[in-house]
Structure formats: structure tokens, C-alpha cells
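Student: I would like to go through this structure with you. Could we begin with how contacts are counted?

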Amino acid sequence: MNTTVVGVLQFVLLIASAPLLGALIARVKAFIQRRQGLPLWRPYADLAKLLRKQDLVPSSASPLFRFAPAVLAATTVLAAAFVPLFHGSALLGFAGDFVIFVYLLALGRFFLGLGALDSGSSFGGMGASREMMVSALAEAPLLLGLVSVAILAQRANIVEMVTWTLGQNFFDISAVHAVAFAALAMVAVAETGRMPVDNPTTHLELTMIHEAMVLEYSGPSLALIEWAQAVKLHMVFALLVGLFVPWGMATSLTLAGLGPALGIYILKLLALVLVVGLLESTIAKFRMYVVPEFLGIAAALAMLAVVFTALMRR
Amino acid sequence: MTQPLFQGHLLILAALPLLVLFGWRSPGYRRLAPALLVASALAGLSATILAWRTGQFPVLDLSHILPFPFILGLDRLSSVFVFLIAAVSAAATVFTLPYVERHYSHGRQAWIWVFLPLFVLSMIVVVTAGSAFAFLFGWELMTLFSAALVAVDGDSPERRHNLVIYLLMMHAGAAAVLACFLLFLPYAPGLTFTAIRAAGGVLPPARTIATLLLAFVGFSTKAGVIPIHVWLPKAHPIAPSPVSALMSGLMLKTAIYGLVRFGFDFFPHVDAWWGYTILLAGAVSALLGILYALTERDLKRLLAYSSVENVGITYLGLGSALVFQSQGASTWAGLALVGALAHTVNHAFFKSLLFLGAGSVSLTTHTLNLDELGGLLKRMPFTGASMLVASCSIAGLPFFNGFVGEWLLFRSFLGGATLPNAGAHIALPLAAGILALVGGLSAACFLQVFGIAFLGRPRDVEAEYAEEAPAGMWIGTGLLALACAAVGVYPKLLLGPLSQLASQLTGNQNAADALGLLPAVLPILAIAVLAVVFLAAALPRATRVTATWACGLPGLSPRMQYTATAFSKPLRSVFAVVYKPDRRVEVLPDNRPYFPATVTYRSVRTTSFEQSLYRPAVDAVVAAAQQLRRLHTGNIQMYLLYIFLTLILLLALVRVLR
């Protein structure tokens, strides 16, 4: 097996299993609430249903309205090709500079925001305005957190950063990693629109952010958006796992190496799913204006991580 | 071949005003003036490209016919700026022809065509100057001709006030620039750049510090760095659109040129403090600039503040390049310098495009208030498409040119961690955080600009009946948009020459290699993204056009959409400490709070540097003058006493100093 095949495998796994992740989190929450919960194939059925349905376009909208979900999907999928899952490589790993990764996601978000404003309803503007507030404030901690890890690894390529961490001894890991992990985990919550920053299941205009943006979308366009959102969640999970707990990842290209690595990766994901499910069941969504404070703490932690890199130098 | 092209470029620019002045009564000049202006730009473009290729840089020495050394010439640094000025002014000229025909009477049009070439010429003189006199000559004329172009547009007390502030601050800045050249004087006879370069190494330390400080203040005034930016949001919005485009897109860049000239050419080694000063000024300008831009409703004022932000970003790159260079890390210095120069070039393209687009919008809708616009993309598709490209570029999104410079800056900030100096190790990576925050805020700001003005439904009648601008205008913006997209997808176009320049300036041949894979990656990714976009857009689907969902109510009115004021509200609340807003809600009539006839909401920023910095300074000067006035008794005996006392004082001083 060569790297390209493994790259394609990881890429397909990331994209195809993404909707499952959301269903698993919902299942954990249902278990805690003593409900039966959705069947795990339900997100796929939803997507299939949306793909068959009509696409409703507001009469005031320009061609950009239909174009926006495609851009979101394309940038998200491309960014997904930068992230390693269970082997220290990725399909487009050579191009996967962390700055490009972050800004590809920004490109998708920008177009989705434009689509939202194009719908001509106040919900679109509301969602776009709030989403841009959250993402503008999340950008600094996100990049600073990545910068601190990149400084330690002396590399800016995501795959190389992951393989560098993989080569370190777990018990030698520094305070930088701990602080950067805390910052990036907080940013991840905001970026993926999970509780307590945003509630993906709400449709209350006082609180919704992402859902308000996509309110006017239907049919295949909505399917693209939902799926891109799911891919983003999986991708962010994979990035956190890869940057901070990559141990167990395969370094060889043999089946004997890849099999257990895949198993370990799935276990790590399930652990994350459990944590997120538990968290979302136990905390309430923040008020809108607490989110900046939350992200401010993340920014302070990320700055601390950068300062620590200077202290740790030999 | 480069010599005649370069001379032709200058000659047409200098002769055109005379031609227009003497021949404006004949109808032909109206076509002739823009045609000649474009021809001169093409001559300039080919001169720089040829010079770059062949390495034969033309020099024009006029010292023998003038009373002082006056040398114009190209080198690699100048050619980049000449290329930029020629390219942007060519696109702006194409735009200007229909623009002035629809805005101005016959006579005013003629004045525009007189001053426009002179303004371009003065900028060319600044960036090609080979002696301090030529530089200052161009520097002063640049101010005067741009002011003249603003004055052609119209006259009102407010405009005069703004113009006076502009001229005052520019002259204060020019005084600092003049002083920093004069400090070279005993060491660099004739003040030619060759002599200055030779003197740079032998200047006493105190003089070096004074020179660098004065250069920083002088150039920063021109660049519009906070807190000496107050002229910029006053002067840029009142100029005709093509002139605002040249002022924001090109004139500010001459300050960057000056700083690079001083930091990397005149002085063989500049201490780190100068780099840190520029870095700090850049961080403040970038952050405050974009925060002020976010609150603006007037498109041109918003763009003016965003120029402050972008100059700040360039300063971040320039400052870090100087810090790297002072620490001997010339490879990283090269990378940061390429980033700063790339952002300079990119900003020139997308900012002039945005100002021109604003001109098209105001031509057809007669307003620049974002809250009255909407739905323009369907009504002006060509202008709208170029404005979309410009908005994506300025937001720093990949596959558009704004990303290229910011990307290089992020990468070079990482290099700070390789420096032995702990301060640089912390300061430079933290600058990445500032850049990220600024990038996020500018994405929000320009999502607002494009989304509110060009998407959704028109918020006012004027926007409802908007039409596409005349062909020349959208061709002008379209050309700039093509340049933005081309550099964004294939950055080697820009980074190739700039890295050669950076290797020369930093004296490190490896500076070009530091780019590594960066330029090659973007075209591949662009193709991949386009392929997936087309795949996704080609999904089989049935489309039905319906009304926007209105929660079951009879219908939505366009006024129910979010306005720019509403859009920026969350961010304005988060950064309330910067704005200290004064909010007023007025509900009329008073006695029916639940069913009012009108509700007006007003929220204005109360913080301003004019109020908190300039006003107290002026007050202090006036108060001091009031005290000094007591000396003026009007009594001749008292004045004789003053003269006598001064004489004694001076004699004593001479005695002590001996």
C-alpha cells in the first residue's frame, strides 16, 4: 500500500463518516436524558431526503445564493484533505500549511455569510452578523494556538506537526501543549458551532447563530451545508487528536500497522464524542455576549502558550 | 530601449497638461487625454519590465539644467513602484473618462485631465528620485496636485476645512521628511542617493537615531498611521472616486517606499528599535483602523479607514523585516519584506478597485450610505462581480491576492521563534495574533460591505432602479479584479520579482528560496476547489423560485432586512471600550410607546483622536500663547529692554559654550 492509497482512505473515511459523528453525540445526549435517541443512520437518511427535494430560491436572491453552499462544501472538503487521521500523512498533506487550512475555512464561511445576506430576510443578516462576530474573535486564539505548536515543532505543515508530536515521548510533553490544547479546544467549540457557544438544535431567533444563516436554504443546497458542517466537526476532532494525542498513529504502510491504528483512532474519537455529549448535557448555552469572554479566555491561553515557547528554549 | 521608454513615460505625463490647457476647446482632447495617459502608463510598464529583464536601469540626470542635483532613475525597488503606479493609473484612467463626463461640466473635466497626469507624474518622481531634491520636489507636488484634484470636485465650508487639515498635516510630514534628508548634509555632499548611501554607514549614532525617527514620523504622516491619520478619513472621501483610488491605492504607498529606502538601502544596518517602533505603530493602526471602519456607514469613509488598517498590516511586515535584519536573520527578513511589499502591491490593486466601485455605485444610486443600498449585484452584475473579488481580496481569503501577503507575514512571524533574542521570540509570534484578529475583523467588515450593498433586496428607491455603470467604468474595475484574481491564484507572478528584490535589499541570495513551496501550492488548490465547486453546483436538482419565508406573515418589506448598522452591532458591543458609543433612541409620539409613528436610532462613536489628542495639544499651545501675550505690553521701552536682555543672555551663552 502506498501513501496515496492511505491518503485517499483517510480522506474518504473523514468525509463519509462525518454525519455519523453528530448522530453519536446525539445518542450520548439521549442516553443521559433517558431517551431512546435517533438511529445512527438517520443523518444519512436526512441527507438523502434533502438531495431528492426541490431547491427553493428566494425571488430576490442573486446567483450567488446557489453558489455559496458549493463554495462552502468545496473549501471544507479541501481542508479535510490536509488532516491526518490514523496514519502520519494526508491526501494533500504537502500543501497543508496551517494558515491555508484556517483561511480555507474562512473562505467557505464568508460565502455562506454572503448567501445568508442574499436571502433578503432578517434571519440571514442576524446569523451572518453573529457568525462573523464569533469567527472574528476565534481567529486570533486559533492561529496563536497553532503558532505555538508550530514553534515547538519548527514546522508549519499540519502533517509534519502531527508526525513531530508523534515522535515525542508522551511524558516529555510540555506545558505549551497543555495550554495550547485548552485554547484550541475552546476555539473548536466555537468553530463547529457546538454548545455552549451555539446550539445546533435550536431554532429560536434569540439564540441561533449558524441555523439562522442557513434558514432560507433547502433541498440539495441545505444537504451540502449540513454535510460540510459535519465534515468540519470531524475534521476539527481529527486535528485536536492529531496535534495533541497522536500516539497510536501508524507510521508504517503495512496492514498490520494500519489496522490497530485505525482501531485506536476510532477509540479516541469515541472518547471525544463521549466528552462532548456529556458536556453538552450538563452545561447551558451561553448568552450571546458571554461568547466574547469565552473566546477572550481562549486568546489569553493561546498567548500564554506562545510566551511559554520562549521560556522553554534551550 | 528602456531609456526612451522611461523618458517617453515621463514626457507624456509632463506634456499632457499643457496639451489639455491649450487645446481644450477642440473636442478631440477629450479622447486624446485619456488615450495619452494610458499610452504613457504602457510605456512605463514596458520600461520597468524590460529594465527588470535586461538589468539595464534607465537614469535621467537633469542636474545640469537645474540649480540643484535632480536625478530620476530606476532600480529594482523603484521599478516595482513605477510598475504599480502605471498599472493602477491605467485602469483608473479607463474608469475616469466616463466618470468625469457624467459628473463635471466641460471646464472642470479639463482641469481633471490637467491635474491627473501631474499627480501621477509627481508620484513617479518620488519613487524614481535619485537625489533628495528630486524626492522632495515630487513629495510636495504630490500633496498639492492631489489637493487640487479634490478642489476640482466642489466647494463647501466643510470641504475647505478638510482640505486645510490635509494640507497642514502633509506639510508637517514633509517638514519631517525634509529634515531627515538634511541631517545627512555634511556627510553626503549634494544629497544624491549615491552619496547618502555612502554616508549611511558613517553617520554618528545620534544623527542616525534622529534621522530614523524623523523618517518614521514623516513617512507615517503620509501613510496615515494612527494617531497621525486624521487627515486620511477626511481627504479621501471628498475626492472624486478615481482620485480617491489613486490616493489610497498609490499615494500612501510612496510612504512605504520611503521607509524601505531608508531601512534597507540608505543604512547598511538599522537597530532593532526602529523595527519595533514600526511594528507597534502597525499593530495599533491595523487594529484601530479596521475597528473604526466597521462602524462607518459611508462607503468611502469606511474604505479610508480600511486603508489605515492595511497600511498597518504592511507596517507589521516591514517592522518584523527590520527586526529580523537587525538580528542578522536575513532569510526571514527577506520573507517578511516580500510579505510587506506583496501586501503593498495587492492593497493598491484591491483598494483602488473598491474606490472605483464606490464611484460606480454612487453614480447610479446617488448615495454611498450602505443602509440605503442593497440588491445591486443583480442590477450591476459587472461592477458587482469585481467588487466581490475586491471584498474577498481585502478580507484576505485564499485564491484572492490579499491572502498572499498576509500568508507570508504569518509565516515570517513564526521565524521570530528562531531568533536568539527572547523579546523577538515573544513579540513576533504574538504579532501573528494581531494579524489574525485584524483578518477576522476585516472579513466581517467586507462581508458587511458586499452583503449589505450588493445582495438581498434594495433598501431604497434609488438602489431599486440602479443600472450598470457605463462600459468604461466596469472595464476599469474589471481589469483590476482580473489582476487581483490572477495574483491570488498564481502568486508567482508577484512573488517572483519581489523575492529577487528582497534578496537584493537584504543581501541574502537565499531570501527567494525561503518562499519554498508557497507559490506552487495555491494554483493546485485553486483548481481543486474550482473542480469541487462545479461538481457541487452541478448536483441534479429542481429549483423553484419562491418568496422569502416571512414567518407566515403577508410579506417581508426590504426594511426588515439587516442593515449595516445592525450587522456590525455585535462587534460594536464587544469593542464598546474602543468606541464609547453615544446611543439615542427617539420614539415619536411620546404618548404611544408601543405603537409609535417613528423610531429613530442613532449610535455614534465618541472617541476620536481629534478630541482626545489634537484638541488638548492645540489648547495647550493656545494657553501658552496667552501667557506669552503678557510680554506684549505695547510699550517701546519694554521692547528695548527685551532686546537688551536677549543680547546679554546670548553673550553669556557664547561665553559659557566657549
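Tutor: Two residues are taken to be in contact if their C-beta atoms, placed from the backbone, lie within 7 Å. Please keep in mind that this is a predicted model.

Student: With that in hand, which residues does Cys484(B) touch, not counting residues up to four places away in sequence?

Tutor: Cys484(B) touches Phe349(B), Phe350(B), Leu353(B), Val389(B), Ala390(B), Ser393(B), Phe400(B) and Asn401(B).

Student: Which residues touch the most other members of the largest nonpolar core?

Tutor: Cys484(B) is one of them, together with Ile85(B) and Ala431(B), in a core of 355 residues. Helix H17 of chain B, residues 422-454, gives the most to this core, with 22 residues.

Student: Now Thr477(B). Where is it found, and is it buried or exposed?

Tutor: Thr477(B) is found in helix H19 of chain B, which covers residues 471-489. It counts as buried because 31 C-beta neighbours lie inside 10 Å, where 20 or more are required.

Student: What is Thr477(B) in contact with, leaving aside its neighbours within four places in sequence?

Tutor: The contacts of Thr477(B) are Phe95(B), Leu353(B), Leu356(B), Gly357(B), Ser360(B), Thr383(B) and Ser386(B).

Student: Let us step back to chain B as a whole. How many helices and strands does it have?

Tutor: Chain B has 26 helices and five strands. Its radius of gyration is 27 Å, close to the 26 Å that the globule rule gives for 658 residues, so chain B is as compact as a globular protein of that length. Its C-alpha atoms fill a box of roughly 95 × 70 × 65 Å along the principal axes, and 56% of its residues count as buried.

Student: How is chain B divided into domains?

Tutor: Domain 1 of chain B covers 269-515 and domain 2 covers 613-657. The C-alpha centres of these two domains lie 49 Å apart.

Student: And H25(B), what is its span, and where does its kink lie?

Tutor: Helix H25 of chain B runs over residues 609-628 and reaches 27 Å from its first C-alpha to its last, close to the expected 28 Å. The kink, of about 30 degrees, lies at Arg615(B), shortly before the proline Pro616(B). The number of buried residues in H25(B) is zero, so this helix lies largely in the open.

Student: Changing topic to chain A: what is its pattern along the sequence?

Tutor: Chain A reads α-α-β-α-α-α-α-α-α-α-α-α, with eleven helices and one strand. For its 314 residues a compact globule would have a radius of gyration near 20 Å, and the 19 Å of chain A agrees with that. Buried residues make up 60% of chain A.

Student: What do the buried residues of H10(A) pack against?

Tutor: They pack against helix H1 (3-32) and helix H9 (219-244) of chain A. The buried residues in H10(A) are Tyr265(A), Lys268(A), Leu272(A), Val273(A), Val276(A) and Glu280(A). H10(A) itself, residues 255-282, reaches 41 Å, close to the 40 Å expected.

Student: How many residues does each chain bring to the contact between them?

Tutor: Chain B brings 65 residues and chain A brings 62. On the side of chain B that touches chain A, the largest share comes from H17(B), with 18 residues.

Student: Lastly, the backbone. Which peptide bonds are cis?

Tutor: The bond from Met195(A) to Pro196(A) is cis, with omega near 0 degrees. Pro196(A) is found in the loop between helix H7 (175-191) and helix H8 (210-213) of chain A. In chain B, the bond from Ile226(B) to Pro227(B) is cis, with omega near 10 degrees, and Pro227(B) has its place in the loop between helix H8 (205-223) and helix H9 (232-238).

Student: What is the phi of Gln154(A), and is that residue buried or exposed?

Tutor: Gln154(A) has a positive phi of about 55 degrees although it is not a glycine. It counts as exposed because it has 12 C-beta neighbours inside 10 Å, and it lies in the loop between helix H5 (122-153) and helix H6 (158-167) of chain A.

How values were computed: Residues numbered from 1 in each chain as written. Chains lettered and ligands numbered in written order. Predicted model: local features only at pLDDT ≥ 70, side-chain atom pairs only at ≥ 80, totals over all residues. Helix = DSSP H or I, 4+ residues; strand = E, 2+ residues; numbered from the N terminus. Expected span 1.5 Å × (residues − 1). Domains from an automatic or database assignment. Rg over C-alpha atoms; globule rule 2.2 N^0.38 Å. Bend = angle between axes of the 7 residues up to and from the residue. Core = buried A, V, L, I, M, F, W, Y, C linked by C-beta atoms within 7 Å.
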